[in-house]
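Thank you for asking me to read through this structure with you. Please keep the model open beside these notes, and look up each residue as it is named.

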Amino acid sequence: MELEPFLRLAHVVGAAVLLGTGAGIAFFMVMAHRSRDAKLIAHVSGTVVVADTLFTATAAILQPVTGYLLAREIGWPLTEGWILLSLALYVFTGLFWLPVVAIQIRMRDLARRAAADGAALPSAYFGLYRIWFACGFPAFAAVIGIFWLMLNKPDLTLFMN
């Protein structure tokens, strides 16, 4: 049995899960935030934390594994410029995603507390939301860059020999 088609499919599905879950989470969090309804935000952010754990984290762990195995199966050296740049962008994305997960948990907790108390969302929630929102742009751009690199595999020289 040839592994390449399976590995290619697994890698592409993982990439799609990362992009799709990230975009979906962003959309639903923004829409909930716009309501300013602590109860709605608490519910949506709770679901977002679960989705990030189930889908994003799982795909984020499996992506480098399937990528490595696929590269090995096809014979692409990991020192190919487009692979190195993809890996750098992947790490860059992770540097934004990890704090965002913690921020989402904190936003969820603040919204739950406000909803339970029948109070307005505290100013700390809005400060965290601004950081969460700002982190999405560079992370999303990096993921789009990774997709472009995977699809086009440009001949890049990143380091001089």
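The points below go from the whole chain to single residues and pairs.

1. What kind of model this is. The model is predicted, and for that reason local features need pLDDT of at least 70 and side-chain atom pairs count only at pLDDT 80 or more, whereas totals for chains, interfaces and linings use all residues. Residues are numbered from 1 along each chain as its sequence is written, and side-chain values use heavy atoms, with hydrogens and water left out.

2. The overall fold. The chain holds four helices and zero strands, and its pattern, read along the sequence, is α-α-α-α. Helices here are DSSP runs of H or I with at least four residues, strands are runs of E with at least two, and both are numbered from the N terminus. The C-alpha trace spans about 60 × 40 × 20 Å along its principal axes.

3. Contacts and surface. Among contacts (heavy atoms within 4.5 Å) between residues at least 6 apart in sequence, 79% join residues that are at least 24 apart. The chain exposes about 9600 Å², and carbon and sulfur atoms supply 71% of that area; accessible areas come from the Shrake-Rupley method with a 1.4 Å probe, and for residues only the protein chains shown count as cover. A residue is called buried under 20% relative accessible area, exposed over 50%, and partly exposed in between. Of the 161 residues, 34% count as buried.

4. The start of the chain. Met-1 is found in the segment before α1, which covers 4-35, and Met-1 is exposed because its relative accessible area is 91%. Together with Leu-3 and Phe-6, Met-1 makes a nonpolar surface patch of about 400 Å². Patches are made of residues with over 30% relative accessible area and no salt bridge, with like charges joined within 9 Å and nonpolar side chains (Val, Leu, Ile, Met, Phe, Trp, Tyr) joined within 5 Å.

5. Salt bridges. How many salt bridges does the structure hold? There are two, each being a side-chain nitrogen of Lys or Arg within 4 Å of a carboxyl oxygen of Asp or Glu. Side chains of opposite charge can pair when their charged atoms come close. Arg-8 is partly exposed at 34% relative accessibility, and Glu-4 is partly exposed at 22%.

6. The other salt bridge. Asp-109 pairs with Arg-108, and their closest N and O atoms are 3.0 Å apart. Are these two residues buried or partly exposed? Asp-109 is partly exposed, because its relative accessibility is 28%, while Arg-108, at 15%, counts as buried.

7. Aromatic rings. The structure holds eight aromatic pairs. In the pair of Trp-76 and Trp-82 the ring centres are 5.2 Å apart and the planes stand at 85°, so this pair is edge-to-face. Rings of Phe, Tyr and Trp (its six-membered ring) pair if their centres lie within 6.5 Å, and planes under 30 degrees apart count as stacked, over 60 as edge-to-face and the rest as tilted. Trp-76 is partly exposed at 23% relative accessibility, whereas Trp-82 is buried at 8%. One aromatic cluster is formed by Tyr-125, Phe-126, Tyr-129, Trp-132, Phe-133 and Phe-137.

8. A lysine over a ring. Lys-153 lies over the face of Trp-82, at 5.6 Å from the ring centre; the rule asks for NZ of Lys or CZ of Arg within 6 Å of the ring centre and within 35 degrees of the ring normal. Lys-153 is found in the segment after α4, which covers 123-152, and Lys-153 is partly exposed at 31% relative accessibility.

9. Backbone angles to check. Phi of Lys-153 is near 40°, a positive value in a residue other than glycine. Arg-36 likewise has a positive phi, near 60°; Arg-36 is found in the loop between α1 and α2 (38-74), and Arg-36 is partly exposed with a relative accessible area of 47%.

10. Ala-16 lies in helix α1 and counts as partly exposed at 41% relative accessibility. Which residues does Ala-16 touch, not counting residues up to four places away in sequence? Ala-16 touches Thr-21 and Phe-147.

Note on methods
Buried means under 20% relative accessible area, exposed over 50%, partly exposed in between (1.4 Å probe, protein chains only).
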